[in-house]
Every structure is written in C-alpha cells, then in structure tokens.
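Have the 3D view open as you read.

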Amino acid sequence: MIEIDSKYHMFFCYRQSFDFRMNKDRSYRIGHAHSEDLVNWTRNDEDLFLDVTPGDWDSDMLCYPHGFECDGKVYLLYNGNEFGRYGFGLALLER
C-alpha cells in the first residue's frame with residue numbers, strides 16, 4: 001500500500017477460481033483499490049492501464065505487485081509469467 005496525493009492505494013494480485021493454470025485469460029492479474037480513510041475502499045482495476053503483453057515475458061500473467069516512491073516518482077514492480085521466472089516489470093505512474 002502507498003499514499004499518493006492524500007489517497008491510499010493498494011495493489012494486489014488475483015486470479016479466477018478455476019481453470020487459471022491452463023487458461024491464460026483466467027490467470028493472475030494485478031488489481032487496484034483506493035481509500036481516503038483506510039476503512040472504505042473502492043476497487044477499480046482499470047485505473048492501472050496495465051495488462052499482459054501478447055508474445056512477451058508477461059503474456060500469461062501479472063503478479064506480486066509492489067508500489068513504491070523514489071525521487072518523487074511512483075513506481076510499481078510486478079512479476080510476469082510463471083511468477084517472475086521470465087522477468088519482472090517496472091511501471092511508472094504518469095500523473
């Protein structure tokens with residue numbers, strides 16, 4: 001969880017309850033929720049604009065996100081296919 005502009009943001013991974021191992025459309029993805037008081041949360045995964053990249057190291061799954069701030073910029077680290085076996089990504093928040 002990270003505070004950005006007086007709002008708390010939580011990043012997490014989720015998957016479908018069945019057929020997630022063989023069906024990449026049901027595999028792990030990164031979710032997002034935000035809160036102003038740490039009690040009431042609003043989930044909006046589409047806010048991330050982060051999805052799999054067809055034919056690349058993260059074509060099947062995105063998982064284990066970690067948001068952090070460095071030198072005034074906000075980043076999100078995440079693992080790709082096979083829980084990061086083929087690489088990890090670093091996304092920069094564009095405000």
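## About the model

This is a predicted model, in which local features need pLDDT of at least 70, side-chain atom pairs count only at pLDDT 80 or more, and totals for chains, interfaces and linings use all residues. Residues are numbered from 1 along each chain as its sequence is written, and side-chain values use heavy atoms, leaving out hydrogens and water.

## Salt bridges

Taking a salt bridge as a side-chain nitrogen of Lys or Arg within 4 Å of a carboxyl oxygen of Asp or Glu, the count is 3. In one of them, Arg-29 meets Asp-51 at 3.6 Å, N to O. Arg-29 sits in strand β3 and Asp-51 in the loop between β4 and β5 (63-70), so this pair ties together parts 22 residues apart in sequence. Strands here are DSSP runs (E, at least two residues), numbered from the N terminus.

Arg-29 is buried at 12% relative accessibility, while Asp-51 is partly exposed at 47%. Buried means under 20% relative accessible area, exposed over 50%, and partly exposed in between (1.4 Å probe, protein chains only). Another salt bridge joins Asp-45 and Arg-43 at 2.9 Å, N to O. Arg-85 also pairs with Glu-82, with their closest N and O atoms 3.0 Å apart.

Ser-35 belongs to strand β3 and is buried, with a relative accessible area of 1%. Its side chain reaches the backbone oxygen of Asn-40 at 2.8 Å. Setting aside neighbours within four places in sequence, Ser-35 is in contact (heavy atoms within 4.5 Å) with Lys-7, Tyr-8, Asn-40 and Trp-41.

Trp-41 lies in the loop between β3 (29-35) and β4 (42-43) and is partly exposed, at 30%.

Conventions: Helices (H or I, at least four residues) and strands (E, at least two) are DSSP runs, numbered from the N terminus. A polar contact is a pair of N or O atoms within 3.5 Å; within protein, one must be able to donate a hydrogen and the other to accept it, and residues adjacent in sequence count only if both atoms are side-chain atoms.
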